[in-house]
Amino acid sequence: MTTTDTEALSDICTELKSKYDGDPLFTDKSPPLSEGVIRHRVFMNLVDTYNAKHIASFLTDQVAGKIAAPGGEGEGEEGGGGGAEEQEIVAPKELPELVTGDKYEIIGTLQVPFHKKTEDILYTIEENNEDFYTEIMRCRTIIYNIGENGNEIPKALETLQKIVDEIEKVEDIGPKTFKAYSELRVFVLISTVMTWGNTKPIDPEDPETPFNESDFKKRKPHPNYLEHIGCEREVVLQGRKFPAKLKTYVICCGVIYGEQEEDLSFFFKLAFYNEEYMPILLPGNNRIPLIHIADLSKIVHGIIELIPKKQFILAVEQTPCTLKQIIKALSQTMGTGKVKEIPKEDAFLYADFTQDMFDKFTVNLTMEPGFIAEDMELEWKNEMNLAENMAAIVNEYKTSRKLVPIKILIHGPPAVGKTTLAEKLSEKYNVVHLTAKKVIDMTLKDLRDKITDEKERIKKKEEEAAAKGGGEGGDEDAEDAGEEQEEEEGEEVDLEAIQDQIREIETALNGTENGRLPDDMLIGLVKAQLKSNRCSNQGYVLDGFPKTMEQTKSLFGGGGGDGGGGEEEEAEEEDEEGGGGGGPKPTILPDFVITLYATDEFLCNRIMQLPERDIQDTHYTEEGMLRRLTDFHANNTEDNTMLNYFDEIEIHPLVVDAMKEPELNLEGEVEPIPTEILAKLGPPIKFEPTLQEEILINECVEKERQLKEEEERLKKELVEQHAYEEYQNKMEEWTSSMEKIQLEEERLIVAQCEPLRNYLVKFVFPTLTRGLMELAKLKPYDPVDFLAEYLFKENPEGHMFDPSYTREGEALDEVKESLSTTDSKSTTATNQQ
């Protein structure tokens with residue numbers, strides 16, 4: 001082979017290499033799908049949503065490949081038929097295993113661009129990024145959640161199709177390459193039980209027969225979830241194309257609850273803010289499939305670790321709850337304890353109630369888990385259902401939301417301003433304002449409301465019984481009635497006991513001259529209010545009570561007082577609050593103690609300045625005021641004051657001088673609460689904004705930013721315009737002066753360019769000739785000196801040696817000097833600014 005042939009062959013090889021570079025047929029590299037795959041990396045959509053945050057938090061704490069596959073998994077219980085959604089998938093005997101030792105890494109997309117990723121997310125990527133699918137292809141596991149946002153359905157299907165297309169490219173290369181390709185992809189779709197919403201009961205005679213995973217072909221979706229079921233079917237079908245290369249799973253989730261809540265947040269907020277009646281959408285006996293977010297996280301982790309044969313997995317709890325059970329338990333645990341049955345349509349009268357909530361809370365499905373309970377052997381977050389475990393779920397909710405109640409006690413002498421401050425604090429922090437009188441009134445009102453509600457319940461029950469007895473009610477109606485009766489057996493109220501309690505309080509009030517209750521009874525009522533849900537949720541501000549050390553110890557513990565509750569109440573307190581012995585009870589103890597200080601003279605002067613009509617029939621008469629001040633000082637000596645009690649348990653009182661002049665805010669208005677108190681208490685507790693609220697807030701912030709930028713731009717333009725106008729005026733003035741100076745200079749140049757003879761004839765000879773003629777007449781002794789004196793007299797202003805001098809030029813020089821002085825002053829002033 002000649003040198004020419006060798007060079008030609010080399011050129012051909014180079015051309016072919018550049019043409020087919022990267023093609024698996026012409027390279028020894030692995031197919032493109034396996035390049036850079038990180039087996040412990042997981043892609044999740046919308047990593048800033050409720051579900052994704054908790055799943056990501058759980059996964060990033062797990063080591064990939066640590067769970068061993070259970071033996072005998074997947075016996076094909078859904079098999080048979082070979083239909084479009086065949087549940088059984090025959091997988092290869094050996095699947096590629098995860099490399100142990102690396103914890104899971106999470107990447108994903110954001111729901112809204114202004115959200116920040118959590119610490120569990122490695123990084124986020126935008127869907128319009130050209131490297132979006134490249135980043136997804138580097139992940140072994142892809143998780144798409146369509147249960148929270150139906151707009152993610154097309155994106156999930158597009159991503160799945162991209163994975164299938166890449167596998168098909170490898171298959172097109174040839175059977176050997178396809179067989180050698182060992183990378184396994186896992187696609188998990190998190191859907192919702194609403195795709196079963198209109199499924200008919202399996203056994204019409206027994207509608208409570210639960211659905212399980214083997215019934216997935218029979219499911220009929222709720223009308224608002226048709227796209228969801230279409231997506232589920234497509235995911236299952238795509239997983240059958242390449243069972244050894246791609247595993248697809250559909251997790252059908254119940255209504256998710258737990259932590260800061262998402263689906264149930266509407267009801268939790270109503271209970272937290274003590275809505276008088278928690279609504280139950282009629283009929284209320286519909287069973288709602290549920291799953292705790294922690295259990296869902298474990299299920300997702302188990303699937304991507306175990307790679308089960310089943311594609312369709314129900315993620316629901318073993319014991320269902322009815323809507324009525326959930327709402328009643330929530331109302332009793334965190335709300336007022338009262339519920340009200342309302343027509344379904346009336347639910348939309350609540351401002352924050354949505355169609356999605358309506359669909360989920362009116363669904364009626366009895367479902368039981370199969371794979372997660374039997375094969376995965378899931379360790380449940382709670383063995384009890386939601387209604388039975390409501391107390392723990394409420395605590396979990398408050399903790400995750402950081403809903404810490406603000407408990408305040410205000411202490412001080414009479415007329416110092418305790419009630420005014422308490423009302424302001426109650427308004428700002430949305431806490432319950434409690435005084436001794438308010439406690440008594442609230443207790444009586446609650447007791448009377450219980451009587452009214454119980455009478456209405458009994459009346460309604462009798463009417464329903466009469467209606468069912470007179471009709472053709474079947475076994476189903478009787479069974480429902482039996483269930484309701486069982487639920488209400490433990491809710492019956494002893495009307496006689498309540499009436500006796502009301503009479504006891506009223507008798508005690510009427511039996512004293514000043515209308516006060518005995519200490520033991522009043523402390524019992526105050527203690528009951530402090531333990532109530534409304535005080536446990538938001539907190540309280542206790543105004544002017546307790547007054548003495550003995551009352552303080554009896555109310556909060558730590559003393560040997562009677563406590564006003566009897567032995568039974570003390571036993572209950574020991575069970576609920578972890579031990580007796582008279583120790584402080586942290587559930588009702590105040591977090592902050594504020595004592596207002598003022599001298600007796602100041603307080604008496606304040607009362608004297610009040611109008612007569614304001615102090616009539618009050619304790620602020622001269623005699624009453626002196627008596628109350630005496631009692632206060634007697635109960636607050638240096639060694640015996642309730643403030644010492646709080647000092648001992650390290651709740652150090654904040655002393656505020658009530659005699660100081662009121663503070664003013666930026667608008668010049670009186671600040672209702674002293675800044676030292678606000679600094680001590682901190683900000684009020686509040687819920688994080690919802691997604692819609694976040695979007696509105698972000699839009700407002702963006703508009704404000706744009707308006708600020710526009711304002712700065714206009715201000716800058718105005719300054720520039722003013723400077724330009726000033727510059728133009730100066731330039732015009734300067735130009736005019738310069739034109740005159742230039743004209744004078746031109747005259748000077750012309751004068752300098754004239755011939756010497758003409759110059760002398762014009763400027764010198766006329767004066768000199770007159771001097772010589774005078775010299776000839778007089779013939780002085782010193783003619784030169786005479787001629788000099790003569791010329792000086794003819795030019796007395798002294799410009800005899802400046803041939804360019806003219807009077808017009810002198811005027812122009814004065815103008816020029818004036819302009820220079822003005823510019824110098826302007827520059828100095830600008831530098832000083």
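Predicted model: local features only at pLDDT ≥ 70, side-chain atom pairs only at ≥ 80, totals over all residues.

Biologist: Let us begin with the overall make-up. How many helices and strands does the protein have?

Modeller: The secondary structure amounts to 29 helices and 18 strands. Of the 833 residues in the protein, 39% are buried. As for contacts between residues at least 6 apart in sequence, 80% of them join residues at least 24 apart.

Biologist: How should I read a nonpolar core, and which residues have the most contacts inside the largest one?

Modeller: The general idea is that nonpolar side chains tend to be buried together in soluble globular proteins. In this structure the largest nonpolar core has 40 residues, and those with the most contacts inside it are Phe43, Tyr144, Phe187, Leu189, Trp196 and Met367. At least two residues of this core come from each of α3 (132–137), β4 (139–145), α4 (153–173), β5 (185–192), α6 (226–238), β6 (246–253) and β11 (312–315). Helix α4 gives the most to this core, namely 7 residues. There is also a second, separate core of 37 residues, which includes Ile121, Ile190, Leu296 and Ile303.

Biologist: Which residues does Phe43 touch, if those up to four places away in sequence are not counted?

Modeller: Phe43 touches Ile107, Gly108, Thr109, Phe132, Ile136, Cys139, Thr141, Ile142, Ile143 and Tyr144.

Biologist: I would next like to consider Ser191. Where does Ser191 lie, and is Ser191 buried or exposed?

Modeller: Ser191 lies in strand β5. Its relative accessible area is 2%, and because buried means under 20%, Ser191 counts as buried. The Ser191 side chain makes a polar contact of 2.5 Å with the side chain of Glu232. Beyond its neighbours within four places in sequence, Ser191 is in contact with Ile146, His228, Glu232, Val250, Ile251, Cys252 and Cys253.

Biologist: Cysteines lead me to another topic. How many disulfides does a search of the whole structure find?

Modeller: In general, a disulfide is a covalent bond between the sulfur atoms of two cysteines. The search of the whole structure finds 0 disulfides.

Biologist: How many aromatic pairs are found, and what is the geometry of the pair formed by Phe266 and Phe353?

Modeller: The whole structure contains 21 aromatic pairs. Phe266 and Phe353 form an edge-to-face pair, at 5.2 Å centre to centre and with 75° between the planes. This pair links distant parts of the chain, 87 residues apart: Phe266 is in helix α7 (residues 265–272), and Phe353 is in the loop between β13 (339–342) and α10 (355–362). Phe266 is buried at 7% relative accessibility, and Phe353 is buried with a relative accessible area of 7%. Another edge-to-face pair joins Tyr645 and Phe646, at 5.2 Å centre to centre and with 85° between the planes; both Tyr645 and Phe646 are buried.

Biologist: Which residues do ring pairs link into a cluster?

Modeller: The cluster consists of Phe266, Phe267, Phe348, Tyr350, Phe353, Phe358 and Phe361.

Biologist: Where do the charged end of Lys162 and Lys245 sit?

Modeller: The charged end of Lys162 is over the ring of Tyr133, 5.1 Å from the ring's centre. Lys245 lies over the face of Phe178, at 5.1 Å from the ring centre.

Biologist: Let us close with the backbone. Which residues does a cis peptide bond join, with omega about 5°?

Modeller: That cis bond joins Leu282 and Pro283, and Pro283 is in the loop between β8 (278–281) and β9 (287–288). The peptide bond from Phe545 to Pro546 is also cis, with omega near 0°; Pro546 is in the loop between β16 (539–543) and α19 (549–556).

Biologist: What is the phi of Asn430, and what is that of Lys779?

Modeller: Asn430 is not a glycine, although its phi is positive, at about 55°. Asn430 is located in the loop between α13 (418–429) and β15 (432–434) and is partly exposed, with a relative accessible area of 43%. Lys779, likewise a residue other than glycine, has a positive phi near 50°. Lys779 is in the loop between α27 (756–778) and α28 (783–794), and at 67% relative accessibility Lys779 counts as exposed.

Definitions and conventions:
Residues numbered from 1 in each chain as written. Heavy atoms only, no water. Disulfide = S-S within 2.5 Å. Core = buried A, V, L, I, M, F, W, Y, C linked by side-chain atoms within 4.5 Å. Buried < 20%, exposed > 50% of the residue type's maximum accessible area, 1.4 Å probe, protein only. Helix = DSSP H or I, 4+ residues; strand = E, 2+ residues; numbered from the N terminus. Contact = heavy atoms within 4.5 Å. Phe/Tyr/Trp six-rings, centres within 6.5 Å; stacked < 30°, edge-to-face > 60°. Lys NZ or Arg CZ within 6 Å of the ring centre and 35° of its normal. Polar contact = N/O pair within 3.5 Å; in protein donor to acceptor, adjacent residues only side chain to side chain.
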